[in-house]
Amino acid sequence: MSALDVSVQAQVLNLLLDLQQRLSLTYLFVAHDLSVVKHISDRVAVMYVGQIVELATSAAVFAHPRHPYTAALLRSAPVPDPNATSGDVALAGEVANPADPPRGCYFHPRCPFTTQVCRTERPALREIAAGHLVRCHRAEELTLTGARADADDRSERR
Ligand code: SF4
């Protein structure tokens, strides 16, 4: 899909949505383009180094992400506004090697909220609200910024 011209992409997406409605289809749609994901998805699973780190409705993931990696992805997505500043949170470090992932949370070498438990214990994928699953030791205590509709307010509070 990413190799297609944007207008052709839109035509293909609209065709998929039309077919979905008419034939009651379910799609498993794998993509990196968050605007496309938001447009087409009812539920979203965010993956990091081969693991699902967050799974929820599209609305919940985009407006109220509960995993730091999801929040970083949302902040880094470009917005169609020539006056908007670029994302301010380029993640430090490299993506972990799936064949030799870090101990504890796979995301801990890059996470701004890492604590000792993150370095030693692998977090389970837990349901922290109805239908909202997160793989993070600190999911309940972190307040993370969602998609950049509020581009000027990207602060995160612990
Ligand atoms: S478990 Fe710790 S390192 Fe992993 S995402 Fe949560 S806060 Fe960050």
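Helices (H or I, at least four residues) and strands (E, at least two) are taken as DSSP runs and numbered from the N terminus. On this basis the protein chain contains 5 helices and 4 strands, arranged along the sequence in the pattern α-α-β-β-α-α-α-β-β. The model is predicted: local features need pLDDT of at least 70, side-chain atom pairs count only at pLDDT 80 or more, and totals for chains, interfaces and linings use all residues. Residue numbers start from 1 along each chain as its sequence is written.

Of the 158 residues of the protein chain, 23% count as buried. Two residues are in contact if their C-beta atoms, placed from the backbone, lie within 7 Å. Among contacts in the protein chain with a separation of 6 or more, 45% come from residues 24 or more positions apart.

Helix α1 spans residues 6-23 and comprises 18 residues. Its extent from first to last C-alpha is 25 Å, close to the 26 Å expected at 1.5 Å a residue, where the expected span is 1.5 Å times one less than the number of residues. The number of buried residues among the 18 of α1 is 0, so the helix lies largely in the open. The helix is followed by Ser24, which is placed in the loop between α1 and α2 (34-40). Phi of Ser24 is near 55°, a positive value in a residue other than glycine. Ser24 is exposed, with 7 other C-beta atoms within 10 Å. Leu25 lies in the loop between α1 and α2 as well, and is exposed with 10 other C-beta atoms within 10 Å. When neighbours within four places in sequence are left aside, Leu25 is in contact with Leu19 and Gln20.

Strands β1 (residues 43-48) and β2 (residues 51-57) pair in the antiparallel sense over 6 bridges; pairing requires that DSSP finds at least two bridges between two strands. The bridge partner of Val46 in β2 is Glu54. The hairpin of β1 and β2 has 2 residues between the strands. Val49, found in the loop between β1 and β2, has a phi near 50°, a positive value in a residue other than glycine. Val49 is partly exposed, with 14 other C-beta atoms within 10 Å.

A nonpolar core is defined as a set of buried Ala, Val, Leu, Ile, Met, Phe, Trp, Tyr and Cys residues joined through C-beta atoms within 7 Å. The largest such core has 20 residues, and those with the most contacts inside it are Val46, Tyr69 and Phe107. Elements that give two or more residues to this core are β1, β2, α3 (58-63) and α4 (68-76), with the largest share, 5 residues, coming from α4. In soluble globular proteins, nonpolar side chains tend to be buried together. Apart from its neighbours within four places in sequence, Val46 is in contact with Val53, Glu54, Val61, His67, Tyr69, Thr70 and Leu73.

Strands β3 (residues 126-129) and β4 (residues 132-134) also pair in the antiparallel sense, over 3 bridges. Glu127 stands opposite Leu133 in β4. β3 and β4 form a hairpin with 2 residues between them, and Gly131 in the turn has a positive phi of about 75°. Ala147 lies in the segment after β4 and counts as buried, with 20 C-beta neighbours inside 10 Å. Beyond its neighbours within four places in sequence, Ala147 is in contact with Phe62, Ala63 and Leu74. Ala147 and Val79 are 68 residues apart in sequence and 9.7 Å apart in space, C-alpha to C-alpha.

Of the 13 residues around the ligand, Cys105, His108, Cys111, Cys118 and Cys136 come nearest. By class, this shell has 8 nonpolar, 4 polar and 1 charged residues, with Ala, Val, Leu, Ile, Met, Phe, Trp, Tyr, Cys and Pro taken as nonpolar, Asp, Glu, Lys and Arg as charged, and the others, Gly among them, as polar.

Note on methods. A residue is near a molecule or strand if its C-beta atom, placed from the backbone, lies within 6 Å of it. A residue is buried if 20 or more other C-beta atoms lie within 10 Å of its own, exposed if 12 or fewer, and partly exposed in between; C-beta atoms are placed from the backbone.
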